[in-house]
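I opened a new structure today and kept notes as I went. Here is what I looked at.

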Amino acid sequence: GRELSNQGLVLARELSDHAAESKVLWNLMLLEYYEGQNREQAIAYGEQSLDIVRQFDLQEQMAYTLNDIARAYFVVGKQEQAWAAQRESNDLLRKLGNLSMLTDSLITSAGGHYFSGNFVEAQASAEECVSVSKSIGSMWGQAVALYVLGAIYIENGEIGKSIVALQEALPLAQQVGFAPPVTVRHRLALFCGMFGDLE
């Protein structure tokens, strides 16, 4: 992926194809982010992509890059930049009517709020994600959002709602191959055990 992206970047620049250049830089950001070896380099690629999309008003790519650079900002502790990118991405995706990507963006928001201890905001984002996912028939979005809600509800002391959310998430996760259906089982087992349902 990196080799092809680097080749694509050279070609895009030779052709002055700004849309392709910004997309390739976004791809490189994702490669660096998900390999986890150089998050600062991921951010550098993402910021280059953003410079281009802002200059040429490439709104769809802007929304994608903002959504993913927010994750990288969160991981390196740049909270203000992460939230600014996340809000702008959410607004753009709503404006563009890209509900599929909005579900992804809402999950990023829910996760960011959850790990910051802002459980009310986390719950609102995750519940909206369930609603939007249902409206477009995205089982993946529902599975992920319900999985996240399982953790959020526990933090709010809503044990029953947590168990129900995880039970709803499990078959969806299995159907769509949400990366770790086993992770949903683990969380469900942990929470049942914590509250005395050992069987």
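**Ground rules.** This is a predicted model, in which local features need pLDDT of at least 70, side-chain atom pairs count only at pLDDT 80 or more, and totals for chains, interfaces and linings use all residues. Residues are numbered from 1 along each chain as its sequence is written, and side-chain values use heavy atoms, with hydrogens and water left out.

**Helix α2.** I began with α2, which has 18 residues. Helices here are DSSP runs of H or I, at least four residues, numbered from the N terminus. From first C-alpha to last, α2 reaches 26 Å, close to the 26 Å expected at 1.5 Å a residue. The expected span is 1.5 Å times one less than the number of residues. I then listed its buried residues (under 20% relative accessible area, 1.4 Å probe, protein chains only). Among them are Val24, Trp26, Met29 and Leu30. The buried residues of α2 pack against α1 (2-14), α3 and α4 (59-75).

**α2 with α3.** I looked up how these two helices cross. Their axes come within 8 Å and cross at roughly 160°. Axes are lines fitted to C-alpha atoms over the stretch in contact, and angles run from 0 to 180 degrees between N-to-C directions. The pair is therefore roughly antiparallel, a label for angles over 145 degrees. The contact (heavy atoms within 4.5 Å) includes His18 and Tyr33 of α2 and Arg39 and Phe56 of α3. I sorted its residues by class: ten are nonpolar, six polar and three charged. Ala, Val, Leu, Ile, Met, Phe, Trp, Tyr, Cys and Pro count as nonpolar, Asp, Glu, Lys and Arg as charged, and the others, Gly among them, as polar.

**α1 with α2.** Next I checked the axes of α1 and α2, which come within 9 Å and cross at roughly 155°. That makes α1 roughly antiparallel to α2. Among the residues that meet are Leu9 and Ala12 in α1 and Leu25 and Leu28 in α2. This contact has seven nonpolar, four polar and five charged residues.

**Arginine 94.** I found this residue in helix α5 (residues 79-96). Beyond its neighbours within four places in sequence, arginine 94 is in contact with Leu102, Leu106 and Glu128.

**Glutamine 142.** My last stop sits in helix α8 (residues 139-155). Glutamine 142 counts as buried because its relative accessibility is 12%. Leaving aside neighbours within four places in sequence, glutamine 142 is in contact with Val130, Ser133, Lys134 and Leu172.

Conventions
Buried < 20%, exposed > 50% of the residue type's maximum accessible area, 1.4 Å probe, protein only. Parallel < 35°, antiparallel > 145°, perpendicular 65-115°, else oblique.
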